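Let's take a walk through this model together, one piece at a time. Have the sequence and the 3D view open as you read.

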Amino acid sequence: MAKNELFLYALMGGIVLLLILAGFIEQGFEATLKGLVALQARPARLIHDFTALEGVGATLVNSGLVSALSLILVRLTKVRLAGPTIAAFLTIMGFSLFGKTLLNVVPIIFGVYLSAKVAGKPFAAYLLIALFGTAMGPIVTYLVFQSGLNGIYAVLVGILGGTVTGFFLPSIAISMLHLHQGYNLYNIGFSCGFFGLFAASILAAAKMKIDIQVIWNRDPSLTLTALIPIISIVCMVSGILLGKKKAFTDFLAIQKIPGRLPSDFVDQVSAEGTLVNMGLLGLLGSAYVFIVQGDFNGPVVGGLFTLMGFGAFGKHVKNCWPVVMGVVLSCFVFGKSLAAPGPILAALFGTTLAPLAGQFGVLVGVAAGFVHLVVVERTAAWHGGLDLYNNGFSGGLTATLFVAILEWLKTTKEKREGP
Amino acid sequence: MKEYILHLIGEMAKFILDSNPTRMVISLHREEDGLHLAILDNVPRSEEELEKIRLALNAPKRPELAEYYGIMAGQDLMGNSRLNLVGWQVKHADVSRTQEGMKIDLWLGGERFDSSYFSIPKK
């Protein structure tokens with residue numbers, strides 16, 4: 001293992017330990033454990049803020065454990081800890097604050113593993129799909145705890161539902177890339193939303209209740225508020241210590257990359273510049289939440305973790321800000337509060353469309369953000385909140401629309417001008 | 001296999017066409033355990049440019065990216081061409097200067113690739 005990769009393992013492992021330690025200190029040992037056990041039995045569909053349900057401590061420990069599992073899987077499959085795997089790790093960490101649990105991610109991962117075996121490929125080839133695919137975890141907990149089924153029958157149906165979902169994800173995910181051509185960074189979110197449409201329709205047809213409920217912590221603790229700024233500063237300082245002046249020049253080089261999938265900044269530029277980029281995105285994201293007076297609760301901190309994670313895999317300051325501006329503009333035009341759950345999550349997660357701004361410029365980025373907000377507020381109901389990456393689903397639809405129009409404009413212009 | 005070859009040819013052709021050549025030749029040869037794809041153009045390039053192409057096409061293998069994102073090679077009409085998508089999927093690549101421009105040789109093989117079955121030049 002290269003020195004830089006070892007350092008990244010130490011840093012990511014350190015963040016896991018920080019979360020677990022902070023969790024136990026925040027809520028006390030016994031209460032944290034009780035809360036952690038209780039979290040596993042939550043249906044966990046969108047938007048179930050775990051910090052409001054079982055406390056900040058239990059939520060942080062849950063996040064630490066689920067993300068530790070993802071880091072172990074990366075190591076076991078011998079996949080490099082670089083841009084995509086850092087993005088997956090921090091995304092899982094974030095979503096374990098409001099949806100992913102140890103119980104509901106395992107059947108999905110197992111389903112993807114089976115899919116790899118059937119396709120005759122090593123699990124490493126589908127590892128990213130398995131990690132990001134845990135977005136469909138709520139289908140497991142919904143079937144076990146909320147579907148109206150009872151006892152061992154409910155558990156078996158839940159595990160089977162998750163495994164079947166995971167099994168089909170690789171084929172869907174690979175196919176969905178064609179639609180948006182890599183301009184939606186959360187491609188698995190798009191794929192899970194697509195699959196979730198069918199799953200929710202089947203559940204509704206079977207007379208199961210699948211309506212959306214928003215549980216949102218309006219009074220988050222200081223620990224949650226300080227978490228992302230602290231981790232961001234640690235990332236930036238680590239990058240600077242590791243690369244010194246090179247960290248800044250590499251950070252600037254990253255800003256020139258459009259960011260379309262797959263843009264591994266660690267591989268294309270350097271780990272040092274990537275860490276500075278991730279840290280700055282985390283700090284700017286936190287500043288945005290602070291300015292709009294949003295709540296630093298599970299979903300919002302989850303959004304900030306994801307923003308940082310994709311700071312290694314497609315997002316940077318230059319391609320993110322136009323999309324955020326588009327969301328803000330959309331809020332002003334349609335009279336929405338910037339701090340309300342939908343808009344604040346759309347501003348953070350909507351940066352899934354950053355490659356559109358990176359490739360086609362500021363105006364396209366602003367327009368994409370503008371459209372994204374209005375679409376994302378409708379899509380969660382379509383899949384019944386089963387796809388935790390709802391912004392990825394909406395982002396996929398928005399990117400597909402923009403790519404279709406831009407491609408038509410480009411080919412029409414080229415044909416008119418001739419060879 | 002046909003689709004896989006079309007993807008790679010598409011991405012390579014896009015890369016060459018981005019440089020506005022007046023001539024591009026793509027030839028495909030079946031070998032004992034796979035295929036040899038040769039691409040020629042007539043665009044003069046600096047040694048630095050050739051080295052960049054060499055590096056991209058001989059990128060370290062990334063199975064997690066090749067299997068998932070590799071499908072995008074040769075598919076999109078917009079954005080820059082991306083040789084690393086090809087590099088992750090081929091077994092070996094050579095880039096050399098010709099009198100007029102450049103020649104790229106790509107060797108494609110299955111999971112049990114054995115270079116001795118291919119016409120890869122010995123260094």
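What percentage of the 123 residues of chain B count as buried? The figure is 33%, where buried means that 20 or more other C-beta atoms, placed from the backbone, lie within 10 Å of the residue's own. Before going further, please note that this is a predicted model, in which local features need pLDDT of at least 70, side-chain atom pairs count only at pLDDT 80 or more, and totals for chains, interfaces and linings use all residues. Residues are numbered from 1 along each chain as its sequence is written, while chains are lettered from A and ligands numbered from 1 in the order in which they are written.

Let's stay with chain B, which has four helices and four strands; these are DSSP runs numbered from the N terminus, with at least four residues (H or I) for a helix and at least two (E) for a strand. Along the sequence they follow the pattern α-β-β-α-α-α-β-β. The four strands form an open sheet in the order E1-E2-E4-E3 (chain B), with antiparallel pairing; two strands pair if DSSP finds at least two bridges between them. At the edges, each pairing on one side only, you will find strand E1 (24-31) and strand E3 (92-97) of chain B. From one strand to the next, the twist averages 15 degrees.

Now look at E3(B), which six bridges join to strand E4 (residues 102-109) of chain B. Within this pairing, Arg97(B) has Met102(B) as its bridge partner.

Helix H1 (residues 2-17) of chain B lies across E1, strand E2 (34-41) and E4 of chain B, at about 15 degrees to E2(B). Helix H2 (residues 47-57) of chain B lies across E3 and E4 of chain B, at about 170 degrees to E3(B). Here axes are lines fitted to C-alpha atoms, for helices over the stretch in contact, and angles run from 0 to 180 degrees between N-to-C directions.

Where do the two chains meet? The contact takes 25 residues from chain A and 13 residues from chain B, with two residues in contact if their C-beta atoms, placed from the backbone, lie within 7 Å. On the chain A side, the elements giving two or more residues are helix H7 (127-132), helix H9 (151-180) and helix H20 (390-417) of chain A.

Finally, turn to Val301(A): leaving aside neighbours within four places in sequence, Val301(A) is in contact with Gly94(A), Leu97(A), Leu224(A), Leu227(A), Ile228(A) and Phe296(A).

Technical notes. A residue is buried if 20 or more other C-beta atoms lie within 10 Å of its own, exposed if 12 or fewer, and partly exposed in between; C-beta atoms are placed from the backbone.
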